[in-house]
Amino acid sequence: MKFSTLKLVMLIGLLSFFFMQHTVQKYSTDYGEVAEQYKKSVQLWPSPSVDPDVKWKEFEAIEQDSNYYDTQELPEVMLGKKLFFDPKLSASSQISCSSCHNPELGWSDGQEVALGNDHLQGKRNTQSLFNIAERKSFFWDGRAKTLEEQLVGPISAHNEMNMKPEKLAGKLSKVKEYKVLFKEVYQTNKITFDKIARALATFQKTLKSQPSKLDKFIKGDHKAMSDKEIYGMHLFRTKARCMNCHYGKYMTDESFHNIGLTYYKREYEDLGLFTITKNPNDVGKFKTPSLRDLEYTAPWMHNGLMDDLHGVVSLYNSGMQMINPTPEEKKADPNFPVTDHLMKPLNLNEQELDAVVSFLKCISGSYYKMPRPEIPRK
């Protein structure tokens, strides 16, 4: 595997850190005592532990999408769905949007990094499409501001679908059924890339997370989560410092942070937001992902480094301050990445780490699988 050696090195480092920080013993915590603080209205919950400059928002429950099935029957959504699953959108006619965004894999692909045209690998992990309509920017580096703008990237990238946008409309115009469908939706059978992008975006905006155990708990079903899971939520909000970046309805601040995984001047270097802004302060910053339905979207991180939630929490537990530059190094190289000040050693013990993981699994609730539509052939 691409990152196997790197994973081994980091694992050894994490284990060393863990055993230096904590004695090997079993801890005893009264989950129930803490849990009782949360078995009440959200407004009465203990305040989270966040830094003064963080404008956090309280957790908010999502509702069941009662209009889902009716929405899927709307003409523009149906057209967008066919386009999404149609491999004709790629130059080879072998790769569709669903090749990397599989509904049975949390609208991701289950791989470390994306695999596309000519079996070429990308550099980054495929992000889930759950709640894509709620995003403020797109891609790990935020380079697209609208979903329609984002679509150009994977369609045109040589290592993804390798299709020139200006040629796609002509290719689909040769399919009679598409001309009929476009006329039904847009009152003209003239197919353009803008209309293709609009239909695809309209369909993707219907992909919403369904309520999880956490949502039921927030709405008053205090039996939906175990005391251990509630204790994990308390740690998430306090000692584990997760609420500094993961908060609100979708558990993301929609911002960018360097958590220490830039591989600066190494084989797997990725400078993130800096490649877009050219601002030295943005080196190594990546978009904060939503934690909704994360149990279905492994592996995680912008490079797919981690495939185990205990490993993820252990990574954050270390503080990730391993490659920060000295003042002399930063002066000599202004682009030397500096790990975000929000990243600090957490000192979570074994039982606390396990409780946080238990809570993270409560955020996933989207069990339905979308059937693939019939693709126009002629």
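Helix α8 (residues 193-204) comprises twelve residues and spans 16 Å from its first C-alpha to its last, close to the 16 Å expected at 1.5 Å a residue; the expected span is 1.5 Å times one less than the number of residues. The model is a predicted one, in which local features need pLDDT of at least 70 and side-chain atom pairs count only at pLDDT 80 or more, while totals for chains, interfaces and linings use all residues. Residues are numbered from 1 along each chain as its sequence is written, and side-chain values use heavy atoms, with hydrogens and water left out. Helices (H or I, at least four residues) and strands (E, at least two) are DSSP runs numbered from the N terminus.

The buried residues of α8 (buried, under 20% relative accessible area; exposed, over 50%; partly exposed, in between; 1.4 Å probe, protein chains only) are F193, I196, A197, A199, L200, A201, F203 and Q204. These buried residues pack against α4 (75-85), α5 (147-156), α6 (165-173) and α7 (176-186), contact being defined as heavy atoms within 4.5 Å.

The axes of α5 and α8 lie 9 Å apart, and the two helices pack at an angle of about 105°. Axes are lines fitted to C-alpha atoms, for helices over the stretch in contact, and angles run from 0 to 180 degrees between N-to-C directions. Helices α5 and α8 are therefore roughly perpendicular to each other (under 35 degrees, roughly parallel; over 145, roughly antiparallel; 65 to 115, roughly perpendicular; the rest, oblique). On the α5 side, L147, E148, L151, V152 and I155 meet F193, A197, R198, L200, A201 and Q204 of α8. By class, this contact has eight nonpolar, one polar and two charged residues; Ala, Val, Leu, Ile, Met, Phe, Trp, Tyr, Cys and Pro count as nonpolar, Asp, Glu, Lys and Arg as charged, and the others, Gly among them, as polar.

The protein is divided into domain 1 (32-61 + 211-363) and domain 2 (67-206), with bounds from an automatic or database domain assignment. The domain centres, taken over C-alpha atoms, are separated by 29 Å, and 24 residues of domain 1 are in contact with 21 residues of domain 2.

H302 is placed in the loop between β2 (286-287) and α12 (309-317). At 6% relative accessibility, H302 counts as buried. Neighbours within four places in sequence aside, H302 is in contact with K123, R124, N125, W140, L261, D270 and F286.

N335 is found in the loop between α13 (327-332) and α14 (350-360) and is partly exposed, with a relative accessible area of 26%. Although 55 residues apart in sequence, N335 and P280 are 5.0 Å apart in space, C-alpha to C-alpha.
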